[in-house]
Amino acid sequence: IKALEDYRNFLGSDPESEIELVIDETRDHYLLIETGWHRNQRIYGTLIHLNIIDNKIWIQQDGTEEGIANELVNLGISPQQIVLAFKTIERRKITSFAIS
């Protein structure tokens, strides 16, 4: 959750849009979403979606430049506890992160 809060704080505030942290601890889903308007265009999107499956953090969506997985590692989480679910299994095999 700290990594998501850090990203929310880093992105700051915009008078036309909002960055929301959505936490469902019952189902182990954690999302950072953006909603609002920019120049009369609707903004709605999931920047980051994490969930916990079998005691591993599954990154379902990562819309960050640096990569939320790297932030998690910097916070002390082992790469083997992180699954890059937004990548194919073949691509996961060539990373230092867990395959599943």
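Which residue just after H1 takes a positive phi? That's Gly12, with phi at about 70°. What you have here is a predicted model, where local features need pLDDT of at least 70, side-chain atom pairs count only at pLDDT 80 or more, and totals for chains, interfaces and linings use all residues. Residues are numbered from 1 along each chain as its sequence is written, and side-chain values use heavy atoms, with hydrogens and water left out.

**Overall picture**

- The protein has three helices and five strands, where helices (H or I, at least four residues) and strands (E, at least two) are DSSP runs numbered from the N terminus.
- Going along the sequence, the order is α-β-β-β-β-α-β-α.
- Along the principal axes, the C-alpha atoms fill a box of roughly 40 × 25 × 25 Å.
- Of the 100 residues, 34% are buried; buried means under 20% relative accessible area, exposed over 50%, and partly exposed in between (1.4 Å probe, protein chains only).
- Among contacts (heavy atoms within 4.5 Å) with a separation of 6 or more, 28% come from residues 24 or more positions apart.
- There are 10 positive and 16 negative side chains, and the centres of the two sets lie 7 Å apart. Lys and Arg count as positive, Asp and Glu as negative, while His and the chain ends are not counted; each charge is placed at NZ of Lys, CZ of Arg, CG of Asp or CD of Glu.

**Helix H1**

- H1 covers residues 2-11, and its buried residues are Ala3, Leu4 and Tyr7.
- Seen down the H1 axis, these buried residues fall within an arc of 100°, so they line one face of the helix; the arc is that of the directions from the helix axis to the C-beta atoms.
- As background, an α-helix has 3.6 residues a turn, so residues three or four places apart point the same way.
- The buried residues of H1 pack against strands S1 (17-24), S2 (29-38) and S3 (41-53), plus H2.

**Thr64 and its surroundings**

- Thr64 sits in the loop between strand S4 (56-62) and helix H2 (68-74).
- Its side chain makes a polar contact with the side chain of Asp62 at 2.6 Å. A polar contact is a pair of N or O atoms within 3.5 Å; within protein, one must be able to donate a hydrogen and the other to accept it, and residues adjacent in sequence count only if both atoms are side-chain atoms.
- The Thr64 side chain also reaches the backbone nitrogen of Gly67, at 3.0 Å.
- Leaving aside neighbours within four places in sequence, Thr64 contacts Tyr7, Leu47 and Ile48; Tyr7 is one of the buried residues of H1.

**Positive phi in the loops**

- Arg39, in the loop between S2 and S3, has phi near 50°, a positive value in a residue other than glycine. Arg39 is exposed at 68% relative accessibility.
- Asp54, in the loop between S3 and S4, also has a positive phi near 50° without being a glycine. Asp54 is exposed, with a relative accessible area of 71%.

- His49, in strand S3, counts as buried at 18% relative accessibility. Not counting residues up to four places away in sequence, His49 touches His29, Tyr30, Leu31, Trp58, Ile59, Gln60 and Gln61.
- Ser96, in the segment after helix H3 (89-92), is partly exposed at 49%. Beyond residues up to four places away in sequence, Ser96 touches Pro79 and Gln80.
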